[in-house]
Amino acid sequence: MPPGKKASRSEAVPAIAAGIELEKMRRRVRLSRLTLFTAIAAGPVALAVAMASGPATARAAAPNKPAPVRTAAVTADPAGYAQVFIDAWLRSSADEAGSAQARLAQSLAPDVALPEPAADAQSKLRSVTAVRSVQRGGDAWAVTVAAQYTDGTVRYFAVPVAADARGASFAVTGAPGAVAGPARAAVPASPYTVHVPSDGALSSTVGEFLGAYLTGTGEVDRYLAPGVKLTPVSPVPYSAVVVREVSAVEEAAAAGQVPADGTEVRVLVQAEARGVGRWPLAYELALTARSGRWDVAALEAGTVQGGGAR
């Protein structure tokens, strides 16, 4: 149409109709997309329904099916459940079936009778701890629970428990049985067989590091290898630390001088912390030689100490 010339009514009507139809198509596309996104959020089943019933534009926009949602497998361990039951069961009595502990024990194991402890029993239950869980097959488990009494006695009970595969439900399936405690395991030989001189650079570094770590004397960071982060114990538990013995795996730790840069050693430190009393402590450290000094590269506690030659 030439510039400046107004469209006739016959020409304007088709243009308006075309614009309305185009807007309807856009609305259908937006609606189809909204339906598709909602179905994806709702799950695979809803998505399948939307794909089957939605308009052609929605089907063409989603050529690939969504991947199924995978959940991590849950290991059913009824140790805590058995521990709660034994605690309530040992604190309850058939003579006081209405007590809170008796009601709890019966709610966990309705078919298990309550005990009848002697009225003049001197030792009282202090705490219970699950020490072993064994899956017998399928949903059946046996949990060994240790019961510690105020007189220092420790008794062990085996509790039969059923647990579903997801660990979502548990049930005590029978009365507990008194059993012998776990046998003491053999202590493996210690790999720390190299004696480290107490007046050497390594023992000195270890003593200063533990002093900063446990007593707040000095900065821990100055003893750490580059890139290593270690937060000191807080609040400060001790006023002093004395290193009693340092032993190592590698012979390089026993040298009087600091070896070449990059030399790595692992040591076991036997120390005594002082403050409110005296406390024997042990730490496993990894150290690295750098610029004529030893840097602490790693720290662990609760390591094997005995059984090895010195």
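Let's start with Tyr213, which is buried, at 11% relative accessibility. Buried here means under 20% relative accessible area, exposed means over 50%, and partly exposed is in between, with a 1.4 Å probe and protein chains only.

Quick ground rules. This is a predicted model, in which local features need pLDDT of at least 70 and side-chain atom pairs count only at pLDDT 80 or more, while totals for chains, interfaces and linings use all residues. Residues are numbered from 1 along each chain as its sequence is written, and side-chain values use heavy atoms, with hydrogens and water left out.

Back to Tyr213. Which residue does Tyr213 pair with? Its partner is Phe209, and the aromatic pair is stacked. The ring centres are 5.8 Å apart, with 15° between the planes. The rule takes rings of Phe, Tyr and Trp (its six-membered ring) with centres within 6.5 Å; planes under 30 degrees apart are stacked, over 60 edge-to-face, and the rest tilted. Phe209 is buried too, at 0% relative accessibility. Both residues sit in helix 6, residues 201-215. They are four residues apart, about one turn of the helix. A word on naming: helices (H or I, at least four residues) and strands (E, at least two) are DSSP runs, numbered from the N terminus.

The count of aromatic pairs is five. Elsewhere, Phe85, Trp89 and Phe157 make one aromatic cluster. One more ring to look at: Arg155 lies over the face of Tyr149, 4.7 Å from the ring centre. For that call, NZ of Lys or CZ of Arg must be within 6 Å of the ring centre and within 35 degrees of the ring normal.

Now charges. Side chains of opposite charge can pair when their charged atoms come close. How many salt bridges does the structure hold? Seven. The test is a side-chain nitrogen of Lys or Arg within 4 Å of a carboxyl oxygen of Asp or Glu.

Take Glu272 and Arg244. Their side chains meet in a salt bridge at 3.3 Å, N to O. This pair links distant parts of the chain, 28 residues apart: Glu272 is in strand 8 (residues 264-275) and Arg244 in strand 7 (residues 240-248). Glu272 is buried, at 15% relative accessible area. There is also a network of salt bridges here, linking Arg244, Glu272, Arg274 and Arg278.

Next, Asp295. Is Asp295 buried or exposed? Buried, at 1% relative accessibility. Asp295 forms a salt bridge with Arg290, closest N and O atoms 2.5 Å apart. Asp295 also forms one with Arg293, at 3.0 Å. Both arginines are partly exposed: Arg290 has a relative accessible area of 33%, and Arg293 comes in at 34%.

Ser291 is in the loop between strand 9 (277-290) and strand 10 (293-301). Its phi is near 55°, a positive value in a residue other than glycine. Ser291 is exposed, with a relative accessible area of 57%.

Another backbone point. Where is the cis peptide bond? A cis bond joins Ser234 and Pro235, with omega about -5°. Pro235 lies in the loop between helix 6 and strand 7.

Last topic, spaces. The method uses a 1 Å grid over the protein atoms alone. A cavity is a set of points where a 1.4 Å probe fits but cannot get out; a pocket is an open set with protein on both sides within 12 Å along at least five of seven lines; lining residues have an atom within 4 Å of a point. Grid points join across faces, edges and corners, and a volume is the space filled by probe spheres set on the points.

There is one cavity of 30 Å³ or more. The largest cavity has a volume of about 60 Å³. Its lining has 13 residues, and closest to the centre are Gly200, Ala201, Leu202, Ala253 and Ala255. Helix 6 comes up again, giving the most to that lining, with three residues. By class, the cavity lining has nine nonpolar, four polar and no charged residues. Nonpolar covers Ala, Val, Leu, Ile, Met, Phe, Trp, Tyr, Cys and Pro; charged covers Asp, Glu, Lys and Arg; the others, Gly among them, are polar.

The largest pocket has a volume of about 520 Å³. It is lined by 21 residues, with Leu90, Ser92, Pro117, Ala121 and Lys124 nearest its centre. Helix 4 (residues 79-91) supplies the largest share of the lining, three residues. That pocket lining divides into nine nonpolar, five polar and seven charged residues.
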